[in-house]
Amino acid sequence: MKPRDTLDTLAALFEGEGSAEYLGEAVTQAEHMLQAGALAEAAGAPPHLVAAALLHDVGHFQGAVSGRDLMEHSTDNRHSHTGADWLGQWFGLEVTEPVRLHVAAKRYLCAVEPGYFDLLSEASVHTLAVQGGPMTEEQVRAFEAHPGAADAVAVRRWDEQAKDPDMDTPGFGHFRPLLEGLLRPEAGPGA
């Protein structure tokens with residue numbers, strides 16, 4: 001798939017399915033993801049982390065179990081894994097692993113950081129329970145040993161902050177050049 005086609009596919013998700021409500025939050029799914037990307041960018045994060053923050057929830061659009069199922073039926077849709085696997089067609093591990101681990105990072109932070117749980121929105125508290133709750137000590141050690149853990153924690157923090165209905169956020173087009181620069185060579189022309 002050509003870079004333009006890849007980015008058009010992603011843009012269509014933001015404009016289509018992304019315009020739907022986001023698990024009962026005060027922002028749409030697209031607004032949430034755009035805010036996360038903008039927060040990462042404002043923090044001076046490297047491009048791969050800006051991309052991961054921007055794309056962290058694309059897994060809600062993939063697979064048979066939607067984000068709505070997560071809230072209504074308490075079914076974990078494993079959107080972090082689904083999204084990372086799907087994005088892996090075009091992006092390397094530096095983008096996909098923080099996406100894959102951002103749910104684990106929430107569970108991790110709830111286990112190790114006093115007060116983090118109190119920062120969670122009502123929807124995040126609900127999904128935390130569905131996703132396994134705070135990590136055990138053994139899970140914490142395993143998470144900390146993962147080479148992508150620090151990046152996943154950074155994405156998770158932006159994720160939790162990206163629910164402000166009054167935040168002025170750039171559109172998807174703002175991030176296209178950054179995303180194009182991160183596409184794997186084999187995802188480019190002639191692939």
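**Helices, ring pairs and inner spaces**

Of the contacts in the protein with a separation of 6 or more, 72% join residues 24 or more positions apart, where contact means heavy atoms within 4.5 Å. The model is a predicted one, in which local features need pLDDT of at least 70 and side-chain atom pairs count only at pLDDT 80 or more, while totals for chains, interfaces and linings use all residues. Residues are numbered from 1 along each chain as its sequence is written, and side-chain values use heavy atoms, with hydrogens and water left out.

The protein holds 11 helices and zero strands, so the order of elements from the N terminus on reads α-α-α-α-α-α-α-α-α-α-α; helices (H or I, at least four residues) and strands (E, at least two) are DSSP runs, numbered from the N terminus. Of the 191 residues in the protein, 52% are buried. Here buried means under 20% relative accessible area, exposed means over 50%, and partly exposed lies in between, with a 1.4 Å probe and protein chains only.

Buried residues in α10 include Ala-149, Ala-152, Val-153, Trp-158 and Asp-159. Among the elements that cover the buried residues of α10 are α2 (29-42), α3 (47-55), α6, α7 (116-119), α8 (122-130) and α9.

Aromatic rings come next. A pair of aromatic rings is described by the distance of the centres and the angle of the planes. Rings of Phe, Tyr and Trp (its six-membered ring) pair if their centres lie within 6.5 Å; planes under 30 degrees apart count as stacked, over 60 as edge-to-face and the rest as tilted. The structure holds three aromatic pairs. One of them joins Trp-86 and Trp-90 edge-to-face, at 4.8 Å centre to centre and 85° between the planes. Both partners are buried, Trp-86 with a relative accessible area of 18% and Trp-90 with one of 4%. Tyr-108 and Phe-143 form a tilted pair, because their ring centres are 4.7 Å apart and their planes stand at 35°. This pair links distant parts of the chain, with Tyr-108 in helix α6 and Phe-143 in helix α9, 35 residues apart. Tyr-108 is buried at a relative accessible area of 12%, and Phe-143 is buried at 5%.

The model also leaves some space unfilled. Rolling a probe the size of a water molecule over the atoms shows where empty space is left. On a 1 Å grid over the protein atoms alone, a cavity is a set of points where a 1.4 Å probe fits but cannot get out, and a pocket is an open set with protein on both sides within 12 Å along at least five of seven lines; lining residues have an atom within 4 Å of a point. Grid points are joined across faces, edges and corners, and a volume is the space filled by probe spheres set on the points.

The largest pocket holds about 260 Å³ of space. Its lining has 16 residues, with His-81, Arg-100, Val-103, Ala-104 and Arg-107 nearest the centre. At least two lining residues come from each of α5 (79-87), α6 (93-112) and α9 (137-145), and α6 gives the most, with five. By type, the pocket lining divides into six nonpolar, six polar and four charged residues; Ala, Val, Leu, Ile, Met, Phe, Trp, Tyr, Cys and Pro count as nonpolar, Asp, Glu, Lys and Arg as charged, and the others, Gly among them, as polar.

One cavity of 30 Å³ or more is counted, and the largest cavity has a volume of about 120 Å³. It is lined by 17 residues, of which Tyr-22, Leu-23, Lys-106, Thr-127 and Arg-156 are the closest to its centre. Helices α6, α8 and α10 each give two or more residues to this lining, which divides into five nonpolar, six polar and six charged residues.

Tyr-22 lies in the loop between α1 (3-15) and α2, and counts as buried at 5% relative accessibility. Beyond its neighbours within four places in sequence, Tyr-22 has contacts that include His-32, Asp-57, Asp-159 and Lys-163.
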